[in-house]
Amino acid sequence: KLSPDFGFFTAMPNSSGRETLVARTQDAKLVIAYTPYGDALELKRSKLSSKYTAEWFNPRTGKSFSFSPAKTKENLVFAPPFGGSRGNDWILILKAE
């Protein structure tokens with residue numbers, strides 16, 4: 001069962017019209033995030049299983065892209081394949097292996 005969790009990501013847009021919507025299972029084995037402008041999202045490494053898959057889904061074309069996020073000392077950075085702009089929405093799907 002997915003439940004909303006707007007505090008799951010460390011950094012994500014929250015201004016009017018750019019709000020990222022996030023839902024996840026209680027154990028975080030599945031996380032889905034919708035970013036209406038294709039903004040990058042950051043997450044503390046400790047919030048995910050050590051083995052997971054990351055995928056961007058393009059709702060405009062129905063195609064998805066597997067990828068590895070950028071890493072900082074404490075965070076994972078999930079940046080869509082194209083820069084953030086109006087009409088460039090993406091869905092991030094994180095699954096524990």
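Which residue lies over the face of tryptophan 90, and at what distance from the ring centre? Arginine 60 does, at 5.3 Å from the ring centre; the criterion for a charge over a ring is NZ of Lys or CZ of Arg within 6 Å of the ring centre and within 35 degrees of the ring normal.

The model is predicted, so local features need pLDDT of at least 70 and side-chain atom pairs count only at pLDDT 80 or more, whereas totals for chains, interfaces and linings use all residues. Residues are numbered from 1 along each chain as its sequence is written, and side-chain values use heavy atoms, with hydrogens and water left out.

**Overall fold**

The protein chain has zero helices and nine strands; helices (H or I, at least four residues) and strands (E, at least two) are DSSP runs numbered from the N terminus. The C-alpha atoms fill a box of roughly 30 × 30 × 25 Å along the principal axes. Of the 97 residues, 37% count as buried, where buried means under 20% relative accessible area, exposed over 50% and partly exposed in between (1.4 Å probe, protein chains only).

**Strand pairing**

Two strands pair if DSSP finds at least two bridges between them. Strand E3 (30-35) pairs with E9 in the antiparallel sense over six bridges, and alanine 33 has leucine 92 of E9 as its bridge partner. Strand E2 (residues 21-24) is joined to E3 by four bridges, also antiparallel. In the hairpin of E2 and E3, with five residues between the strands, alanine 28 takes a positive phi near 60 degrees. An open sheet of three strands has the order E4-E8-E7 with antiparallel pairing; its edge strands are E4 (41-44) and E7 (70-71), each pairing on one side only.

| Strand pair | Bridges | Sense |
|---|---|---|
| E2 and E3 | four bridges | antiparallel |
| E3 and E9 | six bridges | antiparallel |
| E4 and E8 | four bridges | antiparallel |

E3 has a covered face of Val31, Ala33 and Thr35 and an uncovered one of Leu30, Ile32 and Tyr34. Isoleucine 32 is partly exposed, with a relative accessible area of 28%.

The largest nonpolar core has 17 residues, and Phe9, Phe78, Leu92 and Leu94 have the most contacts inside it; such a core is a set of buried Ala, Val, Leu, Ile, Met, Phe, Trp, Tyr and Cys residues joined through side-chain atoms within 4.5 Å. Beyond residues up to four places away in sequence, leucine 92 touches several residues, among them Phe9, Val31, Leu41 and Phe78, a contact being heavy atoms within 4.5 Å.

**Aromatic residues**

The whole structure holds six aromatic pairs. Rings of Phe, Tyr and Trp (its six-membered ring) pair if their centres lie within 6.5 Å; planes under 30 degrees apart count as stacked, over 60 as edge-to-face and the rest as tilted. Phenylalanine 8 and phenylalanine 9 form an edge-to-face pair, 5.6 Å centre to centre with 85 degrees between the planes. Phenylalanine 8 counts as buried because its relative accessibility is 3%, and phenylalanine 9 is buried at 5%. One aromatic cluster comprises Phe8, Phe9, Trp56, Phe65, Phe67, Phe78 and Trp90.
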